[in-house]
Amino acid sequence: MQQGRSAPAPCAAIDRTSALSILARCDELAAHSTLPGGLINRVYLSNEHRAVNALAAQWMIEAGMHTWQDAAGNQCGRLEGHVPGLPALLLGSHLDTVPSAGRYDGILGVLIAIAVVDRLHSRGTELPFALEVVAFGDEEGTRFGRALLGSRALAGTFDPDWLDLSDADGISLRDAYRAFGLDAAKIGDAARVADDLIGYLEAHIEQGPYLEEADHALGIVSSIAGARRFAITVTGQAGHSGTPFDRRHDALAGASEIITLIERSARDAGLIATVGHLEVFPNAVNVIPGRVELSLDLRAELDTERDDVFDRLSHEVTQICHSRGLTLDIRQTHNAPAVACSPGLRKAIAAGIAATGQADAQLLLSRAGHDGMAVGDLTEIAMLFIRCRGGVSHHPDEHVTDVDVASATDAFESAVLALAGATP
């Protein structure tokens, strides 16, 4: 662990840990973006990443932590327990975004974690473990096409082959580390040791409608769905739009049939499947498409269910292409196994929610991926969900209320205290 700046003396934290202050900090972070007009885009190892790390470090110091930026560019802070050197409870989320993002996905979880540490430090609360906050630099995978780079590094599962990944400008991940002031050869230094942690807790907007439908501010994540992603290329033969149908090998017509099959198969199986990327070549109004590139994102609570559906899809997609005289290439680009949340940590979150006066706490599957999927390889994890209007996420219309943020911060603090009470 790289040691950084020292914390100041404890101070009153009432104002800066209020819901309104947390939301104001979300607004402050949102200003660090590559997009104009108030839209948000902030990617890994960019100048905007550097700026938000600096702000997070400043707020961590105010909360009583000493801080450091790890070898992967994750911003970290630590508050010691009742004696120095104890294993830590890790709290956090991520500060990177998708293009045209909302203000709260990931960001809110980092700021709630800092606020909770601030409150406990200001009251002089002594805990039987240390508290650490991590603001992961890359969860979304927007820049290099590989999600969870920050948390994979922390978990010790970073693949050195990823250093050869390139962004849209042809800049490799290795060179991006260098430009950020980091040494790609030392990425392993970011890896944590399991014995140094007692668990990981994350607060996050739900990214779904179920809390709102139940009129509940908060919920508990049961597990994070396992996700597989694929790049699919369908190749036919380009030709003049006057070509008779019986002589066509239309890649787009085949891809359209494949997309309909994907949706139907996922619906029937109760899974989630998304085709979010589609590129047509040569993309001319009077030319039969000769090649189509599309993506597939397939998610399920159980990996076996997801994999069974993919196997059936792969067989049927192959048949579609064969019947149309098309060639098919399917390449897997991402594989994240489902991660179940720890019963013990879920119990602490349930106690935290109960402490806010909410009588019931739903168990909810997270269909979206999170840093906890990577951290789960290292230590036990659990997540607190916060109601999000309409379930909208990854969009400028992301919205939470100050009342719900206040409840979430109180619940997260109470969850930490519940764990402390259960720790010898």
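## The S16–H11 loop

His394 sits in the loop that links strand S16 (381-386) to helix H11 (402-422). The model is predicted. In it, His394 has a positive phi, near 55°, and is not a glycine. Most residues other than glycine have a negative phi. His394 counts as partly exposed because its relative accessibility is 35%, between the cut-offs of 20% for buried and 50% for exposed.

The peptide bond from Phe281 to Pro282 is cis. Its omega is near 5°. Most peptide bonds are trans.

Asn283 lies in the loop between S10 and S11 as well. Asn283 is not a glycine, yet its phi is positive, at about 65°. Its relative accessible area is 61%, so Asn283 is exposed. The cut-off for exposed is over 50%.

Helix H3 covers residues 107-122, 16 residues in total. From its first C-alpha to its last, H3 reaches 23 Å. That is close to the 22 Å expected at 1.5 Å a residue. H3 is largely enclosed by the rest of the structure, because 15 of its 16 residues are buried. Buried here means under 20% relative accessible area.

## Leu55 in helix H2

Helix H2 spans residues 47-62 and includes Leu55. Leu55 has a relative accessible area of 11%, so it is buried. Ala24 lies 31 residues from Leu55 in sequence. In space, Leu55 and Ala24 are 13 Å apart, C-alpha to C-alpha.

Four acidic residues form a negative surface patch: Glu301, Glu305, Asp308 and Asp311. Asp308 belongs to helix H8 (residues 303-323). Its relative accessibility is 44%, so Asp308 counts as partly exposed.

Conventions: Residues are numbered from 1 along each chain as its sequence is written. This is a predicted model: local features need pLDDT of at least 70, side-chain atom pairs count only at pLDDT 80 or more; totals for chains, interfaces and linings use all residues. Side-chain values use heavy atoms; hydrogens and water are left out. Patches are made of residues with over 30% relative accessible area and no salt bridge: like charges are joined within 9 Å, nonpolar side chains (Val, Leu, Ile, Met, Phe, Trp, Tyr) within 5 Å. Accessible areas come from the Shrake-Rupley method with a 1.4 Å probe; for residues, only the protein chains shown count as cover. A salt bridge is a side-chain nitrogen of Lys or Arg within 4 Å of a carboxyl oxygen of Asp or Glu. Lys and Arg count as positive and Asp and Glu as negative; His and the chain ends are not counted. The place of a charge is taken as NZ of Lys, CZ of Arg, CG of Asp or CD of Glu. Helices (H or I, at least four residues) and strands (E, at least two) are DSSP runs, numbered from the N terminus. Buried means under 20% relative accessible area, exposed over 50%, partly exposed in between (1.4 Å probe, protein chains only). The expected span of a helix is 1.5 Å times one less than its number of residues.
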